[in-house]
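Subject: Structure handover

Dear colleague,

My notes on sheets and helix packing follow it.

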Amino acid sequence: MAKTTKKETVDKKNESKTETIRSWKFSKQQKFVVGCLLVLFSIALLVAFISFYVNGQWQADQSAVSQLGDRGEVVENWLGKFGAFLADLIVYRGFGIASFIFVRLFFLTGLFLALELSTKKLKNTWFWDLFAIIIISILFGFFATSAPELGGTIGYELNLFLQDYIGKTGTLLTLLFGLIVYLIFKIKLSPEKIQSYFDSTKKEFKTELNAIKPVPQPESAYNLEEFAIEEDPELDNIHLKTDDSKFEINKEALKPTISHSSEIDLNPVVKPVQMDINPVNVTAPVHTEEFVIEKAEEEDIIEENLASRLVADFGLFDPTLDLSNYKFPTIDLLKEYSTGGITINQEELEENKNKIVDTLRNYKIEIAQIKATVGPSVTLYEIVPEAGIRISKIKSLEDDIALSLSALGIRIIAPIPGKGTIGIEVPNKNPTMVSMKSVIGSAKFQEAEMELPIALGKTISNETFVVDLAKMPHLLMAGATGQGKSVGLNAVLTSLLYKKHPAEVKFVLVDPKKVELTLFNKIERHYLAKLPDTEDAIITDNAKVVNTLNSLCVEMDNRYSLLKDAMVRNIKEYNEKFKSRKLNPEAGHRFLPYIVLVVDEFADLIMTAGKEVEIPIARLAQLARAIGIHLIIATQRPSVNVITGLIKANFPARIAFRVTSKIDSRTILDTQGADQLIGRGDLLYSNGNDVIRVQCAFIDTPEVEKITDFIGSQKAYSTAYLLPEFVGEETGINLDMDISERDTLFREAAEIIVNAQQGSASLLQRKLKLGYNRAGRLIDQLEAAGIVGPFEGSKARSVNISDLSALDQFFNNEQN
């Protein structure tokens, strides 16, 4: 005989416990019986309580209650000795007249059990009724001390207990507060309801008062001063009064015929109207007909929504379900480099202020007011010049002011947008480093309601600068070597890692330097996207960049097809619709994560690949924003042959680190100023007309390594996010005509292509539920057979067979 294992013993114990719990559940019949019993018991309580107070029976039965065991004892209660006992226990020794609420509670409980109604509302009723029992009992104990049967023993004793500690006044105030709580939370009484009640009462009183007023009669039929429009108190009709006749205009007839009555005020205030009246027209008989326009009631349309039923049954689709236990990086993985605050050097501020004032005074420029705003690395001095001073004169003194201050480089903003001041930005002698920890931990970033929030650093006023990549929608970063571009890219990627789940965003990383972004290899199966059949997700070979960019173009076209089928305009609407289960996955629909393409050195790509890179980049920049593909391009050589007009036109958001010349600054920002930055993460951000100076947050390589290690150690997807396979024309296709090597779905795929008259792998993916590789092979075989035409870039292939009958004839000819 086999031994019983420990696990089997535990399972048997659990099963026996489950069976015991199930045995305690009431059946439908048991609930009905208990419910009926409680209803009858409530009726018995009502009879016992009423007879307790009728004709003073409680005094007659008082002595008999203690001798209920004696059958010869006579009681006056209508329910006999049992009723006398209940009344004495619950009313006299309990809560007094408030005990009648117990009748309601037992009756409702029995009714809910018998009819199998939801007990959620019943629990709320029990709570507030017991609250009312206690309050009412203490109230009667407070006011009716000479009649203990009204408040009961509990009410009387609780009243004395409260008075011993807080006195009579305190007890009364406590009871008043309890009454207010009950009225507000149970009766739902509010000041608005009280106000509306008094307003309606006041209106009714005025109506009755106006109804009994005598109506004065006019002295003459032709006295124009007595000819007036009188407003009825009820605002129902407008009476036009004359001596000979009355014209009554129904106000309802004046209402316009509209589809939405809320769009117009149907009760306008009647203002005095002056009219020119011909007496002849007054004496003539006037016949008016009542003309009423009534709006037909719209019928209620009840339509069954399959999507709403699915949501009700299964809830919203959760894209993070595959990695439901994923934990976001903790903030303690980041290092705090500074003391946390900005050190204000009062002497330095005073000295710089005096030098600015003296320099401007030397050129006969007087200042009415000056104010300083201290930032992490730069202090902004806002000056208000005297009247009559030309701004261009101050701006031309940029170098003179820098000389007097002995500063590395100053920047003059004339005028500051939105202010009537001129700004002079002066570098601090001892700049404060902005750590990534202080930026990520700020409330502005943590509470940011953005699709793709990015914390770049801190502004000149020491505020955390957070922007939304989805609104940019693409970002161009440029600056000289060693000025902070790579740190800026790490800050962007870190911000997204701290805010977005792996199911919500994917990165395509291009790193020609081969050393800057290699740390992110550890999160390949969490956050990175790559081409099929490639080993490394981070692209370091320029030859593979072209295929990746074209693959993103294919992904873009596929996503636009999905948006078209879903009848939405952008990725946010599409994903919300998919989460609401309004899109069928069997039709090819899926949750679409955001894709962020990061290129660390764009100039090197342009040098090696040229137009092959520029064209797909420009195409993605023009079209990809709506379907969630966003580009971040960084370069250290911001020349016009790298950042061409086509690129700049589609990258409105730009970041300029320090550059060496004004020409480079204008190439990036279309304005100068980047040449006056101090380096070490000092940047200018532009997204249109405004230019904002920001000190980029610093994040070092060990910090990035800690974050990627933390994420990489968790459960991941089976593979990185696979982009569509791209096969260019130069690769060629093996036009194999061997019928035996064709895919088993070849004929079915051919019928789909001929029916749709559109040859594309994405169509076969959706219709046949295939992966992209197999769908691509089917397209190659169809091309080899001559059913579809050759590859034409992002366009669908042409179909050489017109209909299914021609296709059948084609297959018959092949077999023969």
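Two strands pair if DSSP finds at least two bridges between them. Helices (H or I, at least four residues) and strands (E, at least two) are DSSP runs, numbered from the N terminus. The model is predicted, so local features need pLDDT of at least 70 and side-chain atom pairs count only at pLDDT 80 or more, while totals for chains, interfaces and linings use all residues. Residues are numbered from 1 along each chain as its sequence is written, and side-chain values use heavy atoms, with hydrogens and water left out.

The nine-stranded sheet

An open sheet of 9 strands has the order S9-S8-S17-S16-S15-S10-S14-S13-S11, with mixed pairing. Its edges are S9 (464-468) and S11 (505-510), each of which pairs on one side only. Within this sheet, S13 (residues 594-599) and S14 (residues 629-635) run parallel and are joined by 5 bridges. Val599 has Ile633 in S14 as its bridge partner. Helix H18 (residues 542-566) lies across S11, S13 and S14, at about 160 degrees to S13. Axes here are lines fitted to C-alpha atoms, for helices over the stretch in contact, and angles run from 0 to 180 degrees between N-to-C directions.

Helix packing

The axes of H18 and H21 come within 9 Å and cross at roughly 25 degrees. H18 is therefore roughly parallel to H21 (angles under 35 degrees count as roughly parallel, over 145 as roughly antiparallel, 65 to 115 as roughly perpendicular and the rest as oblique). On the H18 side, the contact (heavy atoms within 4.5 Å) includes Leu549, Leu552, Cys553 and Met556; on the H21 side, Val613, Ile617 and Leu620 are among the residues involved. By class, this contact of H18 with H21 has 11 nonpolar, 1 polar and 3 charged residues. Ala, Val, Leu, Ile, Met, Phe, Trp, Tyr, Cys and Pro count as nonpolar, Asp, Glu, Lys and Arg as charged, and the others, Gly among them, as polar.

H21 (residues 611-623) also packs against H20 (residues 602-609), at an angle of about 125 degrees and with the axes 7 Å apart. H20 and H21 are therefore oblique to each other. Phe602, Leu605, Ile606 and Ala609 are the H20 residues that meet H21.

The four-stranded sheet

A further open sheet has 4 strands in the order S4-S5-S7-S6, and its pairing is antiparallel. S4 (367-374) and S6 (411-413) are the edge strands. S6 is joined to S7 (residues 422-427) by 3 bridges, and Ile412 has Ile424 in S7 as its bridge partner.

Regards
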